[in-house]
Amino acid sequence: MIARPLSIPKIQNIASVILLVWCVVFILLFYYSLNFSILVSVADSVVTSGLLAAACICLSNLLGYYQPKNETVLFVLVLTVMLALIITFISKFVLHLFFAVDKTYMSFLSLSLLIRFIILFVFLGWCALANILWYRLEEQSATQDRLLAAQNLSKEAELNKLRHQLQPHFLFNSLNSVYALTIVNPKEAGTMITKLAAFLRGTLKRDDDVWVSVEEEMEYIQLYLDIEKVRFSHRLNLDIQIAEDSMKLSLPGTLLQPIVENAIKFGLYNTSAAITITMRVTVENSVLKICVQNPFDPEMKAAGGTGFGLSAIKRRLYLLFADESLLQAGSIEENIFRTTLKIPQGNDKNDID
Amino acid sequence: MIRTILIDDESLARDIVKHYLREFPEIEIVAECSDGFEGIKSITQHQPDFIFLDIQMPKINGFEMLELVEKPPAVIFTTAFDEYAIKAFEVNAVDYLLKPIEKSRFDQAVQKISVKLNNLDATATQELLDSAAMSPAQHRRVVVKKNGVIKIIAVADIHYLEADDDYVKLSTTEGVFHKNKTMSFFERTLDTAQFIRIHRSYIINLAQVTRIELKEKDSYIVLLKSDIWLPVSKTGYAKLKAALGM
């Protein structure tokens with residue numbers, strides 16, 4: 001909400017001073033230069049100035065509520081002329097009521113109507129312009145603030161996304177494993193470093209809009225699993241089968257990794273036993289079908305609360321295909337969890353080349 | 001001889017610690033464990049002077065494990081990345097090592113702990129566990145031990161909590177358990193949208209409430225789904241009313 005100029009104490013003070021000075025100047029003018037009685041001078045000045053002040057307040061608030069997009073000049077002109085006319089005639093009517101007997105003053109009042117109108121019009125016009133300028137400037141700075149806030153928000157979101165993509169927990173644990181390997185098995189350490197580097201490079205390339213071939217995606221997933229295999233050695237067994245005809249199909253580069261990550265998280269991180277993660281990549285009616293299976297501890301799932309956290313992937317599928325049912329997940333046995341991802345290979349998909 | 005136990009689910013991570021410890025002949029590794037359950041057993045059996053403890057481990061994490069140990073030994077925590085844990089360490093000035101572990105930091109921590117062993121302060125560990133309980137994972141579950149069996153209870157399965165001397169009694173779908181924490185600890189850590197402290201001695205799960213009745217002037221009682229009546233204090237009634245939107 002844009003602040004009204006008259007709601008600001010400093011402006012209230014200045015406006016009051018202007019009103020007071022304006023009043024005094026006209027009292028002195030009437031009394032000394034035109035030789036009217038003090039009563040007439042004060043009454044004329046106070047009535048006219050008071051009405052003018054009231055009109056200025058109305059004008060300021062009105063412009064705060066409504067300003068025409070086009071034809072601002074015409075709008076302000078009509079408005080100020082009308083207000084000036086109204087004040088002129090009200091003041092004449094009121095003063096006439098009080099001082100009808102004072103013939104000299106009455107004739108002066110009638111003669112000065114035009115000059116009164118012009119003075120009021122100029123003053124109101126000035127007031128309207130000042131208000132318009134005020135509102136424009138306020139609006140501009142408000143827009144600027146909003147823009148800045150929006151920019152900050154999107155920056156923060158970007159940063160969070162990056163942080164998540166890097167998976168700091170995985171990264172630092174892997175670095176720790178590499179470090180251990182440099183001591184116990186230096187040759188293996190070299191292999192692990194290059195794998196970690198290749199995986200990170202792949203991570204940085206990922207984007208929702210970029211489709212990758214199954215071949216490329218599975219290489220990336222394999223790197224991830226290889227690194228986890230070094231960390232957990234004999235505890236992690238992999239059973240991966242990829243149908244030959246699926247290799248050239250493609251999928252968005254951000255979908256499979258979180259599913260495999262989930263399988264590792266619930267299958268491997270949550271148990272101290274040896275486990276097997278199974279992956280099957282097949283083609284069914286020209287739809288790419290990827291099936292990931294991991295064991296889990298039913299007791300842990302109950303206490304975990306959030307289930308298998310696949311809602312983010314569903315949301316992404318909805319954005320990409322408007323179809324959340326492409327992801328099916330659930331336990332197939334008491335302690336086996338299966339996630340199935342289907343990717344239609346329509347003509348409308350982006351070229352992978 | 002100073003006796004220690006390594007508790008970490010990754011054998012390579014334990015390898016580094018073992019490697020570094022070779023330079024400390026006065027420290028003997030009496031056991032290696034790959035999860036919290038093993039850790040508890042091993043600590044009870046060997047009574048080590050101090051332990052190396054990883055935070056993120058299968059089933060129960062390092063903090064939850066410590067809660068279940070009767071007399072916890074001195075601890076050097078090791079963690080790769082866990083904002084909440086690191087915050088808890090900093091607040092409580094506890095020794096912790098970030099993975100990959102740097103040699104000089106390791107030596108420092110081990111030397112410091114050798115000095116500390118003589119005047120071990122149990123309250124420091126307790127305070128650490130209290131602040132570590134602010135992590136989101138620990139809002140959702142409570143780990144308890146009953147007849148030597150460790151049980152992980154989902155917070156939603158708790159019907160109500162009752163003060164019981166030095167313990168808090170948890171009444172759940174699967175029976176009654178005791179946890180050596182205070183009522184105010186649970187009042188602080190449980191989700192206030194779900195759990196309300198209705199009385200000095202009682203915190204209830206709102207989902208369990210079936211009826212509230214006036215007992216005497218200014219004194220109410222509440223009926224839970226498990227057919228148990230609990231007293232409600234005056235301030236408790238105000239909180240209950242607000243939470244239920246009455």
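The model is predicted, so local features need pLDDT of at least 70 and side-chain atom pairs count only at pLDDT 80 or more, while totals for chains, interfaces and linings use all residues. Residues are numbered from 1 along each chain as its sequence is written, chains are lettered from A and ligands numbered from 1 in the order in which they are written, and side-chain values use heavy atoms, with hydrogens and water left out.

First, the interface. Here 29 residues of chain A are in contact with 25 residues of chain B, contact being heavy atoms within 4.5 Å. About 2300 Å² is buried between chain A and chain B, with 59% of that coming from carbon and sulfur atoms; buried area is the accessible area (1.4 Å probe) that two parts lose on being put together, summed over both. The rule turns up 1 salt bridge across this interface, where a salt bridge is a side-chain nitrogen of Lys or Arg within 4 Å of a carboxyl oxygen of Asp or Glu. The partners are B:E10 and A:R231, at 2.6 Å from N to O. On the chain A side, helix 6 (168-184), helix 8 (214-232) and helix 10 (298-304) each supply at least two of the residues that touch chain B. The largest share, 12 residues, comes from helix 6 of chain A. Helices (H or I, at least four residues) and strands (E, at least two) are DSSP runs, numbered from the N terminus. Sorted by class, the side of chain A that touches chain B has 14 nonpolar, 11 polar and 4 charged residues; Ala, Val, Leu, Ile, Met, Phe, Trp, Tyr, Cys and Pro count as nonpolar, Asp, Glu, Lys and Arg as charged, and the others, Gly among them, as polar.

A:H169 sits in helix 6 of chain A. Its side chain makes a polar contact of 2.7 Å with that of B:Q56; the term stands for a pair of N or O atoms within 3.5 Å, where within protein one must be able to donate a hydrogen and the other to accept it, and residues adjacent in sequence count only if both atoms are side-chain atoms. Neighbours within four places in sequence aside, A:H169 is in contact with B:Q56, B:A80 and B:F81.

Now for chain B. One open sheet has 5 strands in the order 2-1-3-4-5, with parallel pairing; two strands pair if DSSP finds at least two bridges between them. Its edge strands are strand 2 (27-33) and strand 5 (96-98) of chain B. Strand 1 (residues 2-7) and strand 3 (residues 50-54) of chain B pair over 4 bridges, and B:I5 stands opposite B:I51. Helix 1 (residues 11-21) of chain B packs on the sheet, touching strand 1, strand 2 and strand 3, at about 170 degrees to strand 2 of chain B. Axes are lines fitted to C-alpha atoms, for helices over the stretch in contact, and angles run from 0 to 180 degrees between N-to-C directions.

The other open sheet of chain B has 5 strands in the order 10-9-8-12-11, paired antiparallel. Its edge strands are strand 10 and strand 11 (195-199) of chain B. A hairpin joins strand 9 to strand 10 of chain B through 2 residues, and B:V168 stands opposite B:K179 in strand 10 of chain B. Helix 8 (residues 234-244) of chain B lies across strand 11 and strand 12, running at about 150 degrees to strand 11 of chain B.
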